[in-house]
Amino acid sequence: MEAFTTHTGRVVPLRRSNVDTDQIIPAHWLKKVTRDGFEDGLFDAWRKDPEFVLNEPARQGATVLVAGADFGTGSSREHAVWALQNYGFKAVISPRFADIFRGNSLKNGLLTVMLPQETVERLWELTEADPTAEVTVDLVDRQVRAEGITADFDIDDNARWRLLEGLDDISLTLEHETDIAEYEARRPPYRPRTLPR
Amino acid sequence: MARTMAEKIWDDHVVRRAEGEPDLLFIDLHLLHEVTCPQAFDGLRKAGRRVRRTDLTIATEDHNTPTIDIDKPIADPVSRIQLETLRKNCAEFGVRLHPLGDIEQGVVHVIGPQLGLTQPGMTVVCGDSHTSTHGAFGALAFGIGTSQVEHVLATQTLPMSPFRTMAVTVEGELPPGVTAKDLILAVIARIGTGGGQGHVIEYRGPAIEKLSMEARMTVCNMSIEAGARAGMIAPDETTFAYLKDRPHAPKGADWDAAVAEWRTLRSDDATFDREVVIDASTLSPFVTWGTNPGQGAPLSGSVPDPAAFADPADRMAAEKALEYMGLTAGQPLREIAVDTVFLGSCTNGRIEDLRAAAAVLRGRSVADGVRMLVVPGSVRVALQAVEEGLDKVFTAAGAEWRHAGCSMCLGMNPDQLAPGERAASTSNRNFEGRQGKGGRTHLVSPQVAATTAVLGHLASPADLSEFPVTAGA
Ligand code: SF4
């Protein structure tokens with residue numbers, strides 16, 4: 001996984017709350033069996049509207065998405081994260097994220113930053129007025145910076161460390177193989193099995 | 001220290017705990033379906049890893065599968081590739097699979113409980129947000145993403161950060177004709193789609209205890225729609241009676257040992273981080289008018305005026321929803337006419353749901369111009385329905401009786417709404433385009449779905465003359 005330290009880029013201001021994963025990547029896109037090639041499905045339905053913010057020429061190449069509250073609700077599809085990343089987003093800012101989406105993002109190195117609604121509003125105003133305005137998302141200092149805006153954000157130490165290092169969870173867990181084997185040995189014998197013993 | 005049920009199950013599954021790190025939890029059951037695992041198997045293959053516990057893993061096909069002509073090749077080549085990929089992966093890694101055409105095939109959250117694989121006190125995961133369904137048994141069950149699917153396949157564990165606990169206590173008794181679906185829709189409207197964020201919800205109280213297992217599954221199923229990580233209900237005699245003699249339930253002395261453990265799971269007199277109390281006796285049939293499951297109201301009400309929402313974000317969401325749904329503020333919900341009625345899904349595709357809908361449709365017909373799809377949640381549910389003659393009731397009424405699968409719950413297989421089409425649906429999500437691009441969804445209970453099919457507009461059995469209204473299921 002690619003490490004995330006700090007990133008500076010232009011913004012797509014998405015003035016919508018409750019952006020569910022069905023909007024981020026609709027179901028008919030989920031049939032692919034790879035992790036790439038989802039960029040054209042990102043916000044598929046909304047992109048049909050030429051006025052949609054992602055279609056504005058000035059937003060091409062933007063890498064930070066600033067959205068309303070409850071981003072990523074609904075289906076657990078990790079394809080939503082892949083679609084955002086395939087499109088080129090490095091970070092998403094919102095007042096609140098759905099849990100599964102946040103977890104999926106962490107696993108793939110997409111940074112999710114929670115900032116209060118009023119900071120999000122200020123970021124919207126700034127970047128709507130000036131599409132070339134850049135925002136810096138700094139994971140080292142846990143801070144978002146833009147012209148006239150400096151906002152600290154919280155992220156738990158462990159998640160931050162894994163993002164900074166770009167660590168793969170499975171290898172980390174397999175270092176504790178003996179703990180797993182010990183637990184397996186003491187599980188209640190009556191727990192069900194899907195295969196005959 | 002007094003602990004909640006969720007905390008007890010969590011503690012029982014800690015493989016490793018270290019300061020400043022998420023707990024590593026053991027996973028007792030891992031369910032797979034074709035959509036969220038191909039990239040996970042691919043990851044295993046690339047890293048040269050195997051599936052650690054094939055004996056705790058089971059797969060089925062549900063999202064992409066057609067519900068008619070299942071003996072013919074699948075028309076959509078991309079769907080076909082996804083199903084073929086699952087079959088190939090299961091064969092290669094030794095995972096038990098119930099493919100289309102198998103007697104145990106069905107929606108993943110219907111088959112786990114039906115096989116008796118979902119039991120109290122377990123941790124259950126699936127790359128699917130509605131895994132919360134299994135919490136109805138007093139299991140800690142949650143949806144995961146594909147990277148986590150790969151992690152569980154490789155290690156049978158998951159690093160998990162702690163959750164908060166929420167109690168939703170439902171006092172009193174559900175009035176006749178009011179169902180588990182109405183209850184959970186009302187809960188979501190009350191706490192909001194983000195209200196459960198970071199929490200595991202425990203549903204409790206007299207109205208919950210009286211629910212059947214099917215109805216409890218309907219409630220827990222939609223926990224995710226309130227943003228919760230999981231939903232659960234303490235196991236009791238109803239749970240044990242449902243499980244006894246199921247294919248994978250413990251037998252003999254194991255059964256006694258298991259039940260003894262299950263009885264200890266109930267929450268102590270613990271404090272929850274958040275408590276919500278609902279009086280069941282105030283509830284009535286509930287439907288959604290908007291594009292998220294929190295945008296609902298009693299069927300007797302009308303489409304709300306966005307201007308009436310105090311919070312600007314809610315107001316904006318309501319405006320967008322009304323525009324998408326083609327509704328106007330103040331319109332009585334009962335006057336909304338539908339084109340399609342969908343009965344099925346992991347929320348309401350179980351035998352009790354089919355029985356409830358059949359009770360309404362018996363001797364009646366689906367209104368002209370309305371199409372009704374009845375899709376059992378699993379092949380076993382279908383067989384049971386046939387044995388009871390329910391399929392005949394549906395077809396006599398003019399509904400289509402289909403093969404088991406997710407069907408119109410999501411626009412991924414041939415069963416979809418056309419743009420602008422409006423449906424009353426017993427599924428769990430009314431997101432824009434969820435049932436097909438441009439489709440408009442009203443979430444309803446099976447009883448409301450069946451009555452809506454008969455009358456052609458949103459309605460509950462009480463709107464039918466001569467309908468014997470029975471106690472809520
Ligand atoms: S029935 Fe619907 S909600 Fe349930 S698993 Fe299938 S697609 Fe998901």
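Guide: B:Glu150 counts as buried, because its relative accessibility is 10% and buried means under 20% relative accessible area, with exposed over 50% and partly exposed in between (1.4 Å probe, protein chains only). This is a predicted model: local features need pLDDT of at least 70, side-chain atom pairs count only at pLDDT 80 or more, and totals for chains, interfaces and linings use all residues. Residues are numbered from 1 along each chain as its sequence is written, chains are lettered from A and ligands numbered from 1 in the order in which they are written, and side-chain values use heavy atoms, with hydrogens and water left out.

B:Glu150 sits in helix H5 of chain B. Helices (H or I, at least four residues) and strands (E, at least two) are DSSP runs, numbered from the N terminus. What does B:Glu150 contact, leaving aside its neighbours within four places in sequence? In chain A, the partners are A:Arg35 and A:Ile170. In chain B, they are B:Gln39, B:Ala40, B:Gly43 and B:Leu44. Contact means heavy atoms within 4.5 Å.

Now step back to the interface of the two chains. Here 81 residues of chain B are in contact with 57 residues of chain A. The size of an interface is often given as the accessible area lost when the parts come together. Chain B and chain A bury about 5700 Å² between them. Carbon and sulfur atoms carry 53% of that area. Buried area is the accessible area (1.4 Å probe) that two parts lose on being put together, summed over both. B:Gln39, B:Arg52 and B:Gln197 supply 11% of the area that chain B buries against chain A, more than any other three residues.

Next come the polar pairs. Between chain B and chain A, the count is 37 residue pairs in polar contact (both at pLDDT 80 or more). A polar contact is a pair of N or O atoms within 3.5 Å; within protein, one must be able to donate a hydrogen and the other to accept it, and residues adjacent in sequence count only if both atoms are side-chain atoms. Helix H5 (residues 146-155) of chain B gives the most to the side of chain B that touches chain A, with seven residues. By class, that side has 29 nonpolar, 32 polar and 20 charged residues. Ala, Val, Leu, Ile, Met, Phe, Trp, Tyr, Cys and Pro count as nonpolar, Asp, Glu, Lys and Arg as charged, and the others, Gly among them, as polar.

There are also 12 salt bridges between chain B and chain A. A salt bridge is a side-chain nitrogen of Lys or Arg within 4 Å of a carboxyl oxygen of Asp or Glu. One of them joins A:Arg187 and B:Asp28, with the closest N and O atoms 2.7 Å apart. Over all chains, the structure holds 46 salt bridges.

Two of these pairs lie within chain B. B:Asp11 and B:Arg17 meet at 3.7 Å, N to O. B:Asp11 is partly exposed, at 33% relative accessible area, whereas B:Arg17 is exposed, at 55%. B:Glu202 and B:Arg204 meet at 3.6 Å, N to O. B:Glu202 is buried, at 5% relative accessible area, and B:Arg204 is partly exposed, at 27%.

Another pair has a longer story. B:Glu225 lies in the loop between H8 and strand S11 (230-232) of chain B, and B:Arg429 in the loop between strand S18 (422-425) and strand S19 (440-443) of chain B, so the pair ties together parts that are 204 residues apart in sequence. B:Glu225 is buried, at 2% relative accessibility. B:Arg429 is also buried, at 1%. Salt bridges that share partners join A:Glu177, A:Glu184, A:Arg193, B:Arg52, B:Arg53 and B:Asp55 into one network. The side chains of B:Glu225 and B:Arg429 form their salt bridge at 2.6 Å, N to O.

Finally, the domains. Chain B has domain 1 (5-274) and domain 2 (295-463), with bounds from an automatic or database domain assignment. Their contact takes 39 residues from domain 1 of chain B and 34 residues from domain 2 of chain B. Across this interface the rule finds two salt bridges. The two domains bury about 2900 Å² between them, 58% of it on carbon and sulfur atoms.
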